[in-house]
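Please look at the sequence and the structure first, then read on.

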Amino acid sequence: MSSFNPFTSILNQNKLEGLNYVDWKRNLDIVLTAEGYKFVITEECLEKPENATDDQVKAYDKWVKADEMAQSSVYGSAYDMLESLKDMFDEQNRAAKQTTMKSLLNTKMAEGSSVRDHVLKMMSLLNELEVLGAVIDKESQVEMVL
């Protein structure tokens with residue numbers, strides 16, 4: 001009996017098809033984060049050192065297992081695959097990043113509206129920027145929300 005994995009199902013239902021790179025990347029990010037494997041797309045493969053300690057072997061084995069789970073094409077590793085896709089869809093990613101940043105910077109809390117809703121909207125936009133590869137330090141994020 002095969003087990004149903006809702007995270008893998010997300011990726012199966014939302015395959016990369018040309019113009020949906022940003023949405024596909026977001027889904028991949030969600031799945032790998034939920035599974036505890038996001039590091040496989042942000043870090044290059046560790047080399048298995050000779051005379052490795054148990055901790056080094058465990059770290060290497062963890063990376064290999066995560067990479068196998070994340071691979072969905074013939075690239076050398078999930079990291080290599082994502083780097084190649086970033087190159088292919090760089091313009092689309094840049095445009096999405098600019099649009100999201102503009103939304104973030106232009107979002108103002110309307111008088112009488114909920115502070116909670118405003119903060120959630122701002123957090124959502126900041127998360128979107130992070131998924132798109134923008135790096136905004138925590139102090140700046142707080143200042144933007146306030």
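Is E128 buried or exposed? E128 is buried, because its relative accessible area is 16% and buried means under 20% relative accessible area, with exposed over 50% and partly exposed in between (1.4 Å probe, protein chains only).

## Basis of the model

This is a predicted model, in which local features need pLDDT of at least 70 and side-chain atom pairs count only at pLDDT 80 or more, while totals for chains, interfaces and linings use all residues. Residues are numbered from 1 along each chain as its sequence is written, and side-chain values use heavy atoms, with hydrogens and water left out.

## Overall make-up

The protein has eight helices and zero strands. Read from the N terminus, the order of elements is α-α-α-α-α-α-α-α. Helices (H or I, at least four residues) and strands (E, at least two) are DSSP runs, numbered from the N terminus.

Of the 146 residues, 29% count as buried. The accessible surface comes to about 10000 Å², and carbon and sulfur atoms account for 52% of that surface; such areas come from the Shrake-Rupley method with a 1.4 Å probe, and for residues only the protein chains shown count as cover. A contact means heavy atoms within 4.5 Å. Among contacts between residues at least 6 apart in sequence, 53% join residues at least 24 apart.

## Nonpolar cores

In soluble globular proteins, nonpolar side chains tend to be buried together. A nonpolar core is a set of buried Ala, Val, Leu, Ile, Met, Phe, Trp, Tyr and Cys residues joined through side-chain atoms within 4.5 Å.

The largest core here has 16 residues, and Y21, W24, L32, V40 and L82 touch the most other members. Two or more residues each come from helix 2 (21-35), helix 3 (39-42), helix 4 (54-70) and helix 5 (78-88). Helix 2 gives the largest share, five residues. Another core lies apart from this one; it has eight residues, among them L104, L129, A134 and I136.

## Salt bridges

Side chains of opposite charge can pair when their charged atoms come close. A salt bridge is a side-chain nitrogen of Lys or Arg within 4 Å of a carboxyl oxygen of Asp or Glu. Three salt bridges are found in the whole structure.

One of them joins the side chains of D23 and R26, at 2.8 Å from N to O. Both residues lie in helix 2, three residues apart, about one turn of the helix. D23 counts as partly exposed because its relative accessibility is 41%, and R26 counts as partly exposed at 25%. R26 also meets E128 in a salt bridge, at 2.6 Å from N to O. This pair links distant parts of the chain, with R26 in helix 2 and E128 in helix 7 (residues 115-131), 102 residues apart.

A further salt bridge joins D117 and R116, whose closest N and O atoms are 3.9 Å apart. D117 is partly exposed at 46% relative accessibility, whereas R116 is exposed at 59%. Salt bridges that share partners join D23, R26 and E128 into one network.

## A buried threonine

Which residues does T100 contact, leaving aside its neighbours within four places in sequence? They are L125, E128, L129 and L132. T100 lies in helix 6 (residues 90-106). T100 counts as buried because its relative accessibility is 9%.
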